[in-house]
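Keep the 3D view open while you read, and take the points one at a time.

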Amino acid sequence: SDRSCKQASKRTGAKDDVRVSPLLAKIIGAEILPRSEISLRLHQEVLSRQLHEGHERMYIVCDEDFKAVFGLERLRVSTLTNHCKKHIFKVEKEEVPGDKTKKKSGYGKPVWLSPCLAELIGHNHMSRSSVIKEMWKLIKARGLQDPKNKKFMLVEEDMMPIFKAKRIQTFGMMKYLVNHMSVEEDEYSEAYIRVYPEYDPDAVSNGTTQGS
């Protein structure tokens, strides 16, 4: 009901994750996201779909997706968020991807990767556990497990700067990889810029990474 939606709104802040209805998710591209992003994504869709009416851009003319959510043919831009309140719901903790109530540490804490490791796995900022997962994907995709002893992997030319050996134990790869990880952004992001001039550190801070 409208009343329960209002109560949910009072219990969640702008940065808290909320769940949106399937109809609204179809427009903004996510079912669970911070409340503050809903308005931003709606306005981005208005622009990309060219829904503004006239040059003043005070109103939008709804397309089919917007009509399904707002129930109107035309509405004022400034009222977009208010009109979609009934499509926003409080999220239970177990629904939130990567529960933010848990502090990330150790293998789950994101680190910056050296340029040679970043080039190899296609990302320059990720958790240690994710690095291991990406390495295993690479090993399997390239068929690098030693056929004589699958506890070992064969190191290809582009991996030599990291492992410095032609053959290593797969379950011991972390002792080599840690030398290419840093919790300090400047150490590797500056090196990354030198290798990839098109690298944009501002894009990384906004959640996008090289190769993602």
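**A walk through the model**

1. Let us begin with one side chain. At 24% relative accessibility, Arg41 counts as partly exposed. Its partner in a salt bridge is Glu37, with 3.2 Å from N to O. Glu37 is also partly exposed, at 28% relative accessibility. Both residues belong to helix 3, where they sit four residues apart, about one turn of the helix.

2. Before going further, please keep in mind that this is a predicted model. The chain has 212 residues, and 37% of them count as buried. Its secondary structure comes to eleven helices and eleven strands. Among contacts with a separation of 6 or more, 39% are between residues 24 or more positions apart. The chain exposes about 13400 Å², and carbon and sulfur atoms supply 50% of that area.

3. Three strands form an open sheet in the order 2-1-6, with antiparallel pairing. Strand 2 (32–34) and strand 6 (88–90) are at the edges with a single partner strand each, so one side of each has no neighbour in the sheet. From one strand to the next, the twist averages 45°.

4. The pairing can be followed residue by residue. Strand 1 (residues 17–20) runs antiparallel to strand 6, and three bridges link the pair. Within this pairing, Val18 stands opposite Lys90 of strand 6. Helix 3 (residues 35–48) packs on the sheet and touches strand 1, strand 2 and strand 6. The direction of helix 3 makes about 95° with that of strand 2.

5. Which residues have the most contacts inside the largest nonpolar core? They are Leu113, Val131, Phe163, Met173 and Leu177, in a core of 24 residues. At least two core residues come from each of strand 7 (110–113), helix 6 (115–121), helix 7 (128–142), helix 8 (160–163) and helix 9 (174–177). Helix 7 gives the most, with six residues. As general background, nonpolar side chains tend to be buried together in soluble globular proteins.

6. Leaving aside residues up to four places away in sequence, Phe163 touches Met135, Met153, Val155, Ile168, Met173, Tyr176 and Leu177. There is also a second, separate core of 22 residues, which includes Ile28, Leu42, Val69 and Phe70.

7. How many salt bridges does the structure hold? There are twelve. One of them joins the side chains of Asp65 and Lys26, at 3.3 Å from N to O. Asp65 is in helix 4 (residues 64–70) and Lys26 in helix 2 (residues 22–28), so this pair ties together parts 39 residues apart in sequence. Is Lys26 buried or exposed? Lys26 counts as exposed because its relative accessibility is 59%, and the cut-off for exposed is over 50%.

8. One more pair is worth a look. Lys67 and Glu73 meet through their side chains in a salt bridge of 3.2 Å, N to O. Lys67 counts as partly exposed at 25% relative accessibility, whereas Glu73 is exposed, with a relative accessible area of 53%. Elsewhere, salt bridges with shared partners join Lys26, Glu45, Arg49, Asp63 and Asp65 into one network.

How values were computed:
Residues numbered from 1 in each chain as written. Predicted model: local features only at pLDDT ≥ 70, side-chain atom pairs only at ≥ 80, totals over all residues. Heavy atoms only, no water. Core = buried A, V, L, I, M, F, W, Y, C linked by side-chain atoms within 4.5 Å. Buried < 20%, exposed > 50% of the residue type's maximum accessible area, 1.4 Å probe, protein only. Contact = heavy atoms within 4.5 Å. Pairing = 2+ DSSP bridges. Axes fitted to C-alpha atoms, helices over the stretch in contact; angles between N-to-C directions. Salt bridge = Lys/Arg side-chain N within 4 Å of Asp/Glu carboxyl O. Areas by Shrake-Rupley, 256 points an atom, 1.4 Å probe, with all protein chains shown as cover.
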